Amino acid sequence: MEDFIASGIHDLSISKVLKWAASTVMIFGGVVPFIPQYREIRRKGDAEGFSLYVCLVLLISNILRILFWCGKKFELPLLIQSMIMNITMLFMIHICVSVKNKSQIIRGPERLFTDFEWRYFWQWTDFTSYIEFLLSLTLLCSLVTFVLQDSSVYIEALGFLALLTEAMLAIPQLLQNFRNKSTEGMSVLMVVMWMMGDCFKTTYFVLRDAPAQFWLCGCLQIAIDVFILGQVYCREVLVNLPLFWGKLFHGLLSWKNTSFKL
C-alpha cells in the first residue's frame, strides 16, 4: 500500500499538476466574466446595457463545437467547457428576460418564438421561446451532421464555423455600445476578464497543438476585446475629461473670487 502511494506521488509531477490546473481554468474560466455582469443586472434591475446577442453567439458556437467534437475528437476539457458555457448562457437569458418583464410599467404584447416573426427574433418575452429555438437549432444541426459525418470537408468547415462564431462573441456588445453611444450598464470587468481569458486560451491552444481554427479565432477575439476597451477609454477619458477640467476650472475661479473678497 505504501509503495502504491509512493508511486502515485512520484507520478504526480509538476507538469501534470500544471496541465490539470490549465484544463480546470479552460473549463470554468469562460463563465467567470459573466458573473459580475449577472450580479450587476440583478442589483440594478436593468438589463439594457447587456446585449442578449452575446448569449446567442455563444450558444450557437458551442452547439456547433460540440457537434464538431463528434466528428473530430479534440481535448475533453474543451468539450466540457462548451456544455458549461451553454448552461451559463441560459442563466444569463433567464435573468435578462425576467428583469425586462418586471421593469415594464405597461405590459406590452407577448412575443413568442412560435409566432415566427423575424423582426422579433431573439427579442422574445418569455424564456421558453429561447429554449424552443435552441432545441430546434440543435436538432437541425445534429441531423445535418449525422448525414455528413463522413465528409472531412464538412467537419472541418463545421469546426471553423463554430470557432469563427465564438470569435464574434463581443461584436454584439460592441454594436450595442455604439448604438447607445455609451458603455453604461456594461460590466467593464466582464470585458477585461474576456480579454484575459482569450489571451490565456489562445496560448493554451498553441501550446496544446489544438486545431488551427482554435488559435486563429482566439487572436480575432483578442482584437475585438481591445476595441471594446477602446470604447470604454473613449467614454471615460475623452468624453469625461473635458467635464473634469471644466469642473476644475470652475472650482478654481470660485476659489479665486472668494479670495479677492476676503
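This is a predicted model: local features need pLDDT of at least 70, side-chain atom pairs count only at pLDDT 80 or more; totals for chains, interfaces and linings use all residues.
**Stop 1: Lys-201**

Select Lys-201 and show its side chain. The residue sits in helix α9, which runs over residues 188-207. Is Lys-201 buried or exposed? Its relative accessible area is 9%, and because buried means under 20%, Lys-201 counts as buried.

Now show what surrounds Lys-201. Leaving aside residues up to four places away in sequence, Lys-201 touches Met-26, Glu-166 and Gln-221.

**Stop 2: Asp-198**

Asp-198 and Lys-201 share helix α9 and are three residues apart, about one turn of the helix. Their side chains form a salt bridge, with N to O at 3.5 Å. The two side chains are also joined by a polar contact of 3.5 Å. Like Lys-201, Asp-198 is buried.

**Stop 3: Glu-166**

Select Glu-166 next, keeping Lys-201 in view. The side chains of these two residues meet in a salt bridge of 2.8 Å, N to O. Glu-166 belongs to helix α7 and Lys-201 to helix α9, so the pair ties together parts 35 residues apart in sequence. Glu-166 is buried, and its relative accessible area is 7%.

**Stop 4: Arg-65**

From Glu-166, move to Arg-65. Which kind of link do their side chains make? They meet in a salt bridge, at 2.5 Å from N to O. Arg-65 is in helix α4 (residues 53-71) and Glu-166 in helix α7 (residues 152-167), so this pair ties together parts that are 101 residues apart in sequence. Arg-65 is buried as well, with a relative accessible area of 1%.

**Stop 5**

How many salt bridges does a search of the whole structure find? It finds six.

**Stop 6**

Clear the selection and pick Phe-146, in helix α6 (residues 127-147). Phe-146 has a relative accessibility of 61% and so counts as exposed; the cut-off for exposed is over 50%.

To finish, show both selections at once: Glu-166 and Lys-201 are buried, whereas Phe-146 is exposed.

Key: Residues are numbered from 1 along each chain as its sequence is written. Side-chain values use heavy atoms; hydrogens and water are left out. Helices (H or I, at least four residues) and strands (E, at least two) are DSSP runs, numbered from the N terminus. Buried means under 20% relative accessible area, exposed over 50%, partly exposed in between (1.4 Å probe, protein chains only). A polar contact is a pair of N or O atoms within 3.5 Å; within protein, one must be able to donate a hydrogen and the other to accept it, and residues adjacent in sequence count only if both atoms are side-chain atoms. Contact means heavy atoms within 4.5 Å. A salt bridge is a side-chain nitrogen of Lys or Arg within 4 Å of a carboxyl oxygen of Asp or Glu.
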